[in-house]
Structure formats: structure tokens, C-alpha cells
Amino acid sequence: MTQPDAPQRTDAAPPFNQPSADLILHTADLVDFRVHSQILAQASPFFASMLALPQPPASPPSSTDAPGADVGPPVVPVSEDSATLELLLRLVYPIPKARRVQMDDPQKMVPALRAAMKYEMELPIEIMTERLAVITPKNPVQVWAAACRTGLEGVARGAAEALKKTWTRPDKLETLAFMDELGDMSGISAGDYFRLKRYLMSEPGSANESLKLLSPESPFPQTFLNRKGKKTKKAGSQFCTDIPGIDVECLSSRGGLARSFGAHQSVLASHSSVWKAKLASLRTQHISTESSVPIVLQLDVDEEPDTLSDLLKICYSTPEIPAGFEAQARLVLAAQKYDIPPHIVAYIRLAWDDAASRNPLEAYFVATNHGLRDYAEAAARKVLAKQTAHLYTSVMEKSPALAYHRMLVYYDASRTMIRDRALQAIAKLPGTISPYDSNYHRYTNISVAPVKTAWEGVIKKEGFGSPGGITQAFQKETPPQYGTTTGTGTVEGFVGAVLHCVLTTQEETERALNDVKITLG
């Protein structure tokens, strides 16, 4: 069978192919840049320190080489690709600077900025930072994204200020629609997104306007915490059984520290088909061993020690679930991985749902970070019910901006649908009612407009947007004179329409919410 040709190394374009160079930088895409070590050392303390050490030659001398034969300059592999390295070298070399197409695209500057920071090259950082500031008015969204990916607070601030000059919030929506142009938003955290949104929605001169855009230390409103819920374990609690006859050691070496837990093969096999098969294989390997002492098998489990401990606890019917969404998510994934019975997974889910009902925003982000789609969808519904999409939780700093954006899109779409349904119910009310006035022995026409106005005012408020809010609005905002009218004709129609608003609109809206889906990738 013919073997495919090995990838060929190529030389970089001028001026990085000169024979006078005394060092080769070998890129990830197999391009050799011949550079001068003195220039590199002056531009980069990182390279200056590295070049002070003996460097390997381009190729080791062979037995046929004459003594003292030239074996070529040293080769230093770098992780950057050729486009990134060329931009970086052009900025430090005494030659015409980078091509304008590269210096006009913020995203093409990101890899070069990261490399410059890694190699401690101050001049390229300064040049590219200044260039980003110049192109900010033309492309503030892309410049802000580049700043997030490189940690340039000043650049992020300038881009946010440029955005605020032209951005208007459409109909009290939480989503920043312009974020769609960033595609998958890689390298941007949900925390970055939140802070930009908070800044754009802040009043001029407010405290929110002066907060840092790329720092997680700002004092934002937190999600609901520290409420009573289902019993959870205390930190540091580890699995341990006092049942005699331990015949298997469950070993976890993940996290850099090996830890083992004594257990029983019968318990593990009865709770996990995966462990049952592994234990059978281990017993087969030891079947030829002749010993009067019972063999204690070693079962390697690729999980964090705490997760393995929690998993063993529920297999031994310990009525405790670990505290915190992170620990619970890892436990759910481990239970799925080892085919733990559904009723045990359902018990974990009960504890998760109980905590998520109090802190749905954090539950959503943890679920999306771990790929727990059903858990994320349920948490997004709870975020809508509690109207907490505007809040902050620290887990947003390690969650992708795209997950936050998708949740906000779902949140806004759901609230818009709920408001539309409520307004449609109000529109069904008659324009007037005709209650019978016993004092004057006649029917009197009364306009329903005040009722409609009161209800519509509540529905159009920024905080309105959950199904439960519909019934509350209809019950609390009805002027009292409309609650005691009696008579015939249009009065009955009015009463019927009111009863529909109060009793059935919420239920119909909740059913309709099932058609509003969140995109989770």
C-alpha cells in the first residue's frame, strides 16, 4: 500500500528567507522563518532568555560530514502559524510594516497579539493596540471581540463607547442583536457579554458606566443563593463503608492525586453494567492465581476523586447529594457514563431541580458547560419564570458568550409571545358595558377603556414577561367599579372575557411556550 507523502517544509517569503539569518523559527504549518537572533532578542525578553541557552542544530551531523561542517542554524519550533508569525516579525523588523489587510481586520490581529504577549514583545502590542483604536469607529463590535480575546481593557472600553453612541435598546429586549455577527463568539465569556450589555443599558454618569468591562470583580447583582433546599453533603465528606468483606478498591488518579475507596463487587455490579463487565474481566485475569487469601481487585475509574466518592455513596444508598451544580453535573455525567440505574439518576435530578428553582441562571450555565441539554432547557424555563436573565453569576466567567446569547434570544422570544398573548386577551374585551342602575331604573353605558389601559400598562412594563404575571395583572389592576357590575347583554360578555383573561390565558400561554425552543447547539 502506497504511503502518503510526508508534509513538506517550506521557506517563508522575503525577507524571512535570507541566508544571513542565524536562527530558524519553524511554524505549526511547516513554514521556516529565517531570522536574526539579535533582532529577536532585542524585541523579546522571552527569546533573549531562550537564546542565551545552547540551541540544537537544524540537523545532527552525520558520520559522512567532514569535521567542522556547517549543519545549519538552530531550529526553534513555535506553536503559531505562518500568517501570525509573519505579522509579528514584520512589526519588530526594521522593514515596511504589516500589510494593511491584516492590520484592518481585528480578528487577524488577535493571534498576533496573543503571541506578542506570550513572547513579551512590547512594540507589536503597542502598534496593534493603537491600530485597534483607530479602526474602532468603523467596526466597534469586532474590535470589542478582539479586546475580549486578548484582555485589552482600554480597547474594550473604546469599542463599548463607540457602540453606545449609536446603539438603542429595542423594546426592552435583553439580547444584543449585533452579537450575531461574531458567529460562535469563541474566546468571549458570558461575563464579557453581560458587562457590555450592562454598560450599554446604563444611564450616562451612573456607577455601571465606570465599571471594568473585562474584569469579573465588579459588584453586579447576584443570583439567588443560600436558600434552604434538599439535604446536601458537607464539603470534604468522603465515601467509606463499614460493611465487611471489601473485595475491590476503586482507584481514582485524576486530578494528580491517587485516591482509592474500598467497596464490594456485588454492589458495584448490581448498580452498573459497565462496572460489572470490568470486574468480570479483572476476575478472569486473576483466575490462575493460586492463593488462599481472597483477591482484592483494583478497579481504575477515570473520574475526579470527589465524583467517584459521590457515585459510590449513591450506590450504597446514602441519602446525600453533593452540594453545588458543578458537583451535581459531574455526578450526572458519571452516572450516565457507567450506566447507573435511571431511578438513581432521577434522584440526583430531583436535587438539581430543587436547587435550580432557586438559582436557575447558574444552573443553566453549568448545564450548558457540561452538555446537559435537558437540564439546560429546564433551567432556561425557570430563568423565564423568575425573570432573572438580567442577573449575574460568577460561573458566567467560564461559560461561553454564545450560550448566554442563546438564552437571551429564547428569553426575549418567550416574553414577547407572553405579552402578545396577554394583549390579545385584552383586545377581546367589549368597548363598553351596560349595567342596570336600580336607582334610575335604566341601563348605563360605561367605557371599559380604563380597564384595558390599566392592564396594558402592566403588560408593557419592563418586568412583565412570565405566564404567572398575566393572572396577577388581570386580578390586581382591575378598577373596583368593574368587579361588581350586574345586568344583561354586554355586561355578560365583559364578565366572560374577564374570566377568560384571569382563568385561562395563563394556561394557554404556558402551553404555547412549549413551541418556543432554545438553541443549544
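Visitor: Is Phe325 buried or exposed?
Guide: Buried means under 20% relative accessible area, exposed over 50% and partly exposed in between, with a 1.4 Å probe and protein chains only. Phe325 comes in at 6% relative accessibility, so it counts as buried.

Visitor: What kind of model is this?
Guide: Residues are numbered from 1 along each chain as its sequence is written, and side-chain values use heavy atoms, with hydrogens and water left out. Local features need pLDDT of at least 70, side-chain atom pairs count only at pLDDT 80 or more, and totals for chains, interfaces and linings use all residues, this being a predicted model.

Visitor: How many aromatic pairs are there?
Guide: Rings of Phe, Tyr and Trp (its six-membered ring) pair if their centres lie within 6.5 Å; planes under 30 degrees apart are stacked, over 60 edge-to-face and the rest tilted. By that rule, the count of aromatic pairs is 13.

Visitor: How many residues apart in sequence are the parts that Tyr193 and Tyr404 tie together?
Guide: Their rings sit edge-to-face, 5.0 Å centre to centre with 75 degrees between the planes. Helices are DSSP runs (H or I, at least four residues), as are strands (E, at least two), numbered from the N terminus. Tyr193 is in helix α9 and Tyr404 in helix α17 (residues 401–427), so the pair ties together parts whose separation in sequence is 211 residues.

Visitor: And what type of pair do Phe325 and Trp352 make?
Guide: Their ring centres are 4.9 Å apart and their planes are at 65 degrees, so this pair is edge-to-face.

Visitor: Which side chain makes a 2.6 Å polar contact with that of Thr175?
Guide: Thr175 is in the loop between α8 (153–166) and α9 (190–201). A polar contact is a pair of N or O atoms within 3.5 Å; within protein, one must be able to donate a hydrogen and the other to accept it, and residues adjacent in sequence count only if both atoms are side-chain atoms. A polar atom of the Thr175 side chain is 3.0 Å from the backbone oxygen of Leu408. The side-chain partner at 2.6 Å is Asp412.

Visitor: Which residue caps the N-terminal end of α11?
Guide: The backbone nitrogen of Val274 has a side-chain oxygen 3.3 Å away. That oxygen belongs to the cap, Ser272.
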